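Let us walk through this model one residue at a time.

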Amino acid sequence: MVATVVESESAGAEAYAEAFDAAVAADERIEPRDWMPGDYRATLVRQMAQHAHSEIIGMQPEANWITRAPSLRRKAILMAKVQDEAGHGLYLYSATETLGASRDDLLDKLHSGRQKYSSIFNYPTLTWADVGAIGWLVDGAAITNQVPLCRCSYGPYARAMVRICKEESFHQRQGYELLLALSRGTDAQHAMAQDAVDRWWWPSLMMFGPPDDESAHSARSMAWKIKRHSNDELRQRFVDICVPQAEALGLTLPDPDLRWNEERGHHDFGPIDWEEFREVLRGNGPCNDQRITQRRQAHEEGAWVREAAAAYAAKHTDRLHGEATA
Amino acid sequence: MSASEWPLWEVFVRSRRGLSHTHAGSLHAPDAEMALRNARDLYTRRSEGVSIWVVPSSAITASSPDEKDPFFEPAADKPYRHPTFYEIPDGVKHL
């Protein structure tokens with residue numbers, strides 16, 4: 001009797017697993033209440049949470065320049081961009097919650113360092129030109145990574161990414177336009193733009209993650225169609241896109257080995273300093289402590305607002321109930 | 001009620017007059033009024049809507065978890081509900 005029950009249960013689980021595999025194979029989307037393997041869910045929570053955290057932490061380096069934007073036009077643009085990053089974080093937190101994660105738990109894990117955010121945001125924004133370099137290179141790399149995520153097998157993540165990608169394209173263009181203005185400006189402005197590109201180029205290439213043969217989760221994520229292209233493939237695509245864009249800007253990319261390879265039909269580029277990447281990942285980047293400290297502080301200092309809103313809502317609900325029963 | 005218990009709301013946006021409200025996403029807010037304001041800031045930053053509904057997620061009743069379940073089966077074997085089921089001689093018009 002017991003044996004039969006166990007048998008039929010495992011047969012049921014197998015049927016679920018088969019249905020899941022078939023849906024992924026047929027390029028159908030997996031939706032929140034579908035059965036999914038535990039590791040698929042865990043991988044998505046890890047990746048989506050990290051993505052959401054990156055959007056939220058990513059507000060800091062640029063917000064740093066809002067009060068010092070050189071014109072009202074640039075200031076309005078930068079505020080809209082930083083507000084978008086907040087929005088993107090919220091879309092992604094909501095999508096992560098469809099997998100059973102709780103918002104408070106996610107924030108707690110960010111604040112305590114148990115979940116990560118993209119290492120790129122641990123670099124400082126030293127000059128106004130950095131705002132342009134972030135828009136062009138950092139958001140450009142993010143878009144290259146994110147466009148394939150619009151076809152990710154998990155429905156809520158894919159839908160969030162569609163919305164995000166639409167909005168990111170303004171981010172990249174405003175950055176490019178900003179750099180172009182500087183590049184065509186005075187010698188000092190041109191030098192400032194070049195310096196920003198020199199500092200952001202290599203960290204941007206690192207955003208695609210470790211090389212394919214060292215990437216821990218890549219193969220499985222590709223099989224699950226969470227990921228559609230390998231890290232190196234996307235990195236190459238990004239380099240090929242950037243080279244002519246840099247030329248049009250009148251700026252150079254800081255890589256003496258960068259050249260067109262006729263045979264491959266791609267640009268060759270120099271070796272990436274992965275030791276630097278690992279150091280920043282370990283928490284030893286220029287701004288790791290500052291970013292997390294500022295995030296925690298913002299959260300703690302906003303506590304009274306959350307409490308007041310909750311108290312107001314509770315009072316209001318009580319009054320409504322009072323009227324209903326009276 | 002602690003801040004961590006802010007309920008979840010589902011947001012529906014009518015993109016322009018003449019179209020129905022469509023699910024845009026969800027958000028946390030302490031009450032309906034704040035949910036509306038947050039929804040405006042979160043889902044209509046680029047004039048994506050002319051009207052917003054917010055509904056407590058807990059108020060939604062959904063069909064069974066498995067989206068391919070027998071609940072929808074009765075419709076599967078009734079192709080005669082579609083106009084393409086019927087064969088009409090060539091040349092017959094306005095049908």
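A:Asp27 is partly exposed, at 39% relative accessible area. Here buried means under 20%, exposed over 50%, and partly exposed in between (1.4 Å probe, protein chains only). A:Asp27 sits in the loop between α1 (2-25) and α2 (38-57) of chain A. Helices (H or I, at least four residues) and strands (E, at least two) are DSSP runs, numbered from the N terminus. The phi of A:Asp27 is positive, about 65°, although A:Asp27 is not a glycine. Most residues other than glycine have a negative phi.

This is a predicted model: local features need pLDDT of at least 70, side-chain atom pairs count only at pLDDT 80 or more, and totals for chains, interfaces and linings use all residues. Residues are numbered from 1 along each chain as its sequence is written, chains are lettered from A and ligands numbered from 1 in the order in which they are written, and side-chain values use heavy atoms, without hydrogens and water.

Chain B has a positive phi too. B:His94, not a glycine, has a phi of about 55°. B:His94 lies in the segment after β3 (51-56) of chain B. B:His94 is exposed, at 83% relative accessibility.

Now the cysteines. How many disulfides are there over all chains? The search finds zero; a disulfide is a pair of cysteine sulfur atoms within 2.5 Å. For A:Cys165, the nearest cysteine sulfur is that of A:Cys150, 3.7 Å away. A:Cys165 is buried, at 12%. A:Cys242 is buried as well, at 1%. Its sulfur is 16 Å from the closest cysteine sulfur, in A:Cys165, too far for a bond.

Finally, A:Glu233 belongs to helix α10 (residues 231-249) of chain A. A:Glu233 is partly exposed, at 39% relative accessibility.
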